[in-house]
Amino acid sequence: MADESQSGQSPAENLRDHLKPVGGQFGLEFEDGSDEDARILPQVDLGWPVGRRLARELGQLISRCGIFRQGGRIVTVDALSGEVESMTEKRFTTWVEKFVTTAKWRNGDQQETTMADTLAGKILAADQFRDTLRELKGVHPVRMPVLRESGKVELLSPGYDEESQIFTVETVKYDQDLPIDDAREVFVDLLQAFPWADLGSDPNALLRNRSVSVQVAAMLGTYCRGMFPPGTKRPMITYIANQPGTGKSLLAVMALSAVFGHVTGTVKPRDEEKFGVLLETVAQTFSPYLFLDDIANGIFSNSLNSFLTRSYHGGRKFHKNDEMFHVPNVTQVYATGNGIELTPDLQRRTLVVDMFLPGEVRGRTFENRLTDDVLAAPGLRKRVLAAMWAVVRDWSDAGAVRVENPLETFEEWTCIVGALTRFAGFSDPLEVPDLPDGGDKQGRTWRLFLGRLAGEGILPGETERSFTVQECLEKAEEMVEANEIEMEDLVGHAKDQNKAFGRRMAKWKGRHITDTRGRVVQFGKRRQDKARVYECEVIAS
């Protein structure tokens, strides 16, 4: 061909350039005899047809140089830091010159030149180029376990793993032979100084406390994220405290810092539309976590409900109103707040850490004070990573038994993380929490109200009773006047509270509640029309 016949290279030089792409895949470099310090790069003619030759051959030359497909975008991974950066047209023009020489024929001579942005855009968009690139499903900043198709659990080595399609950067090296008993002590040492709700005085209270087990599950879930394929749904981890200064944010950081080092938190936007935009950004950038710190009052978000329960996210691409994205769910959500109220939907989709400090925050002393910087320090990260690998390693060697009753919607994640937490010696993190200072406050208030209504309205020996909406409202107002409940907990902040009361009560039609006499009562009938009367029946004494 014309470009080859006019190259002016010796046969040895042609052979050297022919072998360079192959050697490059194995880390080999070919030196130019005229300059011992210069790397000999393969040459690419920018005059080649983009579709028929240029895109395909350029992709083959650089496909092992840290460039990948991730979802619908092309990215690079820094082999030292693990930083993922999108490849743009402008960046590609010079980035590619680290690995190849780009040239054009001018006046019968082939001259080195930088490709134009428009040509870079055509190459990046070409299927022939994209098909040569490897898929990137995740980047691990430390060595973390994966679950092979054979069922074997394996600790990934640094670099790109072909089966899992995960790139590992070993920013911290840690012990892989720590005994499981020593691993348990690492968790205990870290967690014993926090004010856990319902801790009690039992010497083994820490191991049996539900909130402690949720914290251990949060840490193990972060470490084992490579064991779950993209699209795995993960429950939100929520930290609820009775006052500021209990350490809830520090615990959220602890759940992430062993793997990620310094952790970035964000404030939840109050505007639902802006929150939706934030969640779309998190999805498109394949963020491994979203840390919503210090949420005020409650979490009421349809966008978050959807984000937690979908295997794939979709929406409009950044700055491209005519293009849509479709990416797998890879993000673990964490939230902290004082007395956070959760909607009933969200409470079913979260694991709650309950913190309670009876005294004052000021004046407490600690033998070893933890901070964000201490948690991100390599020394502590090594200890925690070694402890988590010890749990995973021994659990796998013992048969990798999973829990029989995982959390609905999040079965894949909870059946393994729940089992790992129990194997580490802690209690069941999937146990339903009893939250007096947060959680589904609305649901608790309605159960309290309906339990009183049925318990006092259906007399002993009776099996049924009909209640009018007006009778129900009068009983609610009576309980409000007695400071037993607040009307806002029943109807929210509605302007017309009477109408809101009727609408909210209708949602309980056909539900089973336990009244103040310990009886199970069915409140109305599920398929009942918009009646003014609710027929309640005792179905179990």
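I started with a helix pair in this predicted model. S213, V216, A217, L220 and G221 in α9 meet W413, V417, L420 and T421 in α16; contact means heavy atoms within 4.5 Å. Helices are DSSP runs of H or I with at least four residues, and strands are E runs of at least two, numbered from the N terminus.

I noted the geometry next. The axes of α9 (residues 210-223) and α16 (residues 411-423) come within 9 Å and cross at roughly 115°. Axes are lines fitted to C-alpha atoms over the stretch in contact, and angles run from 0 to 180 degrees between N-to-C directions.

Then I looked up the cores. A nonpolar core joins buried Ala, Val, Leu, Ile, Met, Phe, Trp, Tyr and Cys residues through side-chain atoms within 4.5 Å; buried means under 20% relative accessible area with a 1.4 Å probe, protein chains only. The largest has 70 residues, and W196, Y239 and L251 are among those with the most contacts inside it. Helix α15 (residues 378-397) gives the most to this core, 11 residues. A second, separate core of 25 residues includes C472 and M479.

I also logged that the protein has 20 helices and 26 strands.

For the record, residues are numbered from 1 along each chain as its sequence is written, and side-chain values use heavy atoms, without hydrogens and water. Local features need pLDDT of at least 70, side-chain atom pairs count only at pLDDT 80 or more, and totals for chains, interfaces and linings use all residues.

Terms used:
Buried means under 20% relative accessible area, exposed over 50%, partly exposed in between (1.4 Å probe, protein chains only).
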